[in-house]
Amino acid sequence: MLYHAYELQAAWLNSASAIASIGSELLTNPRNPMAYTGIGPVAGSALEVFAHATIRRGKPEFDIESVTVKGKADPVSETLVLHRPFGDLKRFRRAGLPDDAPAVLIVAPMSGHFATLLRGTVERMIESAEVYITDWHDARDIPLAEGRFDLDDYIDYIVEFLQEIAQRNEGEAAHVVAVCQPSVPALAATALMNGVKDKASPKTLTMMGGPIDTRESPTTVNDMAMKRPLSWFRQNVIATVPAQYAGSGRRVYPGFMQLASFMSMNLGGHILSHYEMYKHLVAGDDDSAQQTKDFYEEYRSVCDMTAEFYLQTVEEVFQKHSLPNNELEHRGKVIDLGDITTTALLAVEGERDDISGIGQTKAALPLARNLSDKKKRYYLAEGAGHYGIFNGSKWRTKIAPVVEEFMAEHG
């Protein structure tokens, strides 16, 4: 009944949000005398904050129309390259990009948010590369007839996407940037492809804030996964998709559960952010308020993931530490990180990351024991939190140049 209870609550909040939005517009309308009194802006701003916080959201669009390079705004094209039941391969390319620019596959996390959470990552990489991204689908919208999707399938999708990119580029392999959770399957896919000498093996793999070995500097997220048995997760956070969705009957880890988990980790900070937004609205500082709105518009847009993928990730990544223990299997074959001999590895961590602690991503470098040290690099982003590794000013001005330099060096 978990999903059904959420649907009832969401329906009520949608109505309340609509009423609050109308009330806010009435109280702040220039034709309303109350808009020029103290209570009009105060009450109207409070209702606007409530309306924004409670409205139900769907999947956002990337909406990257152009990027500015050397003072010139170049238009950007978005193309669907491959459509698969659980995720698409999309391509972004700016006009004026040199023909010899590298191809980069950004592997987005399947962790409750849509790939559009990496819009800032894509925008920055478009400046110097032809960018592809894994655009994962909401599991609640995928019919049961499409079958299961687990960690093995995730790895298969990465391999297939890399092979497709290489084929489109006349055999030229791509670079890979894995953000957070997909660092594990991306590293596993790299080992598999290196092991069979697949020509589509990535030239470089950049892992950003990834849980390669969560025993290093464990965070609250890691502690929660370790303290409870897998049966607890199966019984308490897995739900069945209701009848009104295409994926009716599919067992999923709902996006609203993940969002609640993320919000509760820093509840005080989120409350303060909304209070600051309220003060900006009262003061008429719409630009500052809009920045907060834009962040939460994306942050609150969540999607479901299949139960088998979620539970397998909890067990293999956070409880058993299968990859660093050389025990992770793909289709019955143990993945050996010693097979990585050609793909250069870059590990990026944030100094203030409260999701993946310092050392968890760096652990990948010694695990690739047969890779030359010249093809390994580590970068610690000072002052950056988890989100700041791939979005914001630190990403654009500090981290992205390191990634681009690394790709150029091993391209």
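**Charges over rings**

A: The charged end of K362 sits over the ring of Y378, 4.6 Å from its centre. A charge sits over a ring if NZ of Lys or CZ of Arg is within 6 Å of the ring centre and within 35 degrees of the ring normal. This is a predicted model, where local features need pLDDT of at least 70, side-chain atom pairs count only at pLDDT 80 or more, and totals for chains, interfaces and linings use all residues. Residues are numbered from 1 along each chain as its sequence is written, and side-chain values use heavy atoms, leaving out hydrogens and water.

Q: Which residue lies over the face of W232?
A: R228 does, at 4.3 Å from the ring centre.

**Aromatic rings**

Q: Why is the pair of W136 and Y154 called tilted?
A: Rings of Phe, Tyr and Trp (its six-membered ring) pair if their centres lie within 6.5 Å. Planes under 30 degrees apart count as stacked, over 60 as edge-to-face and the rest as tilted. The centres of W136 and Y154 are 4.6 Å apart and the planes stand at 40 degrees, so the pair is tilted. W136 belongs to strand β5 (residues 130-136) and Y154 to helix α4, 18 residues apart. Helices (H or I, at least four residues) and strands (E, at least two) are DSSP runs, numbered from the N terminus.

Q: What makes W136 and Y154 count as buried?
A: Buried means under 20% relative accessible area, exposed over 50%, partly exposed in between (1.4 Å probe, protein chains only). W136 has 4%, so W136 counts as buried. Y154 has 0%, so Y154 is buried too.

Q: What makes the pair of F149 and Y157 edge-to-face?
A: The angle between their planes is 85 degrees, with 5.3 Å centre to centre. F149 is buried at 1%. Y157 is buried at 9%.

Q: Which residues form one aromatic cluster?
A: F86, W136, F149, Y154, Y157, F161 and F309. The whole structure holds 17 aromatic pairs.

**T306 and the sheet**

Q: How do you know that T306 is buried?
A: Its relative accessibility is 1%, so T306 counts as buried. T306 is found in strand β10. The T306 side chain reaches the backbone oxygen of F149 at 2.6 Å. Contact means heavy atoms within 4.5 Å. Beyond neighbours within four places in sequence, T306 is in contact with residues including F86, A139, R250 and Y253.

Q: Why is one side of β8 and of β10 left without a neighbour in the sheet?
A: The sheet is open, in the order β8-β9-β10, with antiparallel pairing. β8 (239-240) and β10 (305-306) stand at the edges, each with a single partner strand, so one side of each has no neighbour in the sheet.

Q: How do you know that β9 pairs with β10?
A: Two strands pair if DSSP finds at least two bridges between them. Strand β9 (residues 251-253) is joined to β10 by 2 bridges. Y253 stands opposite M305 in β10.

**Cores**

Q: What makes a set of residues a nonpolar core?
A: Its members are buried Ala, Val, Leu, Ile, Met, Phe, Trp, Tyr and Cys residues joined through side-chain atoms within 4.5 Å. The largest such core has 99 residues, and I106 and L187 have the most contacts inside it. Helix α4 (residues 151-168) gives the largest share, 10 residues. A second, separate core of 7 residues includes Y3, A239, V252 and F256.

How values were computed
A polar contact is a pair of N or O atoms within 3.5 Å; within protein, one must be able to donate a hydrogen and the other to accept it, and residues adjacent in sequence count only if both atoms are side-chain atoms.
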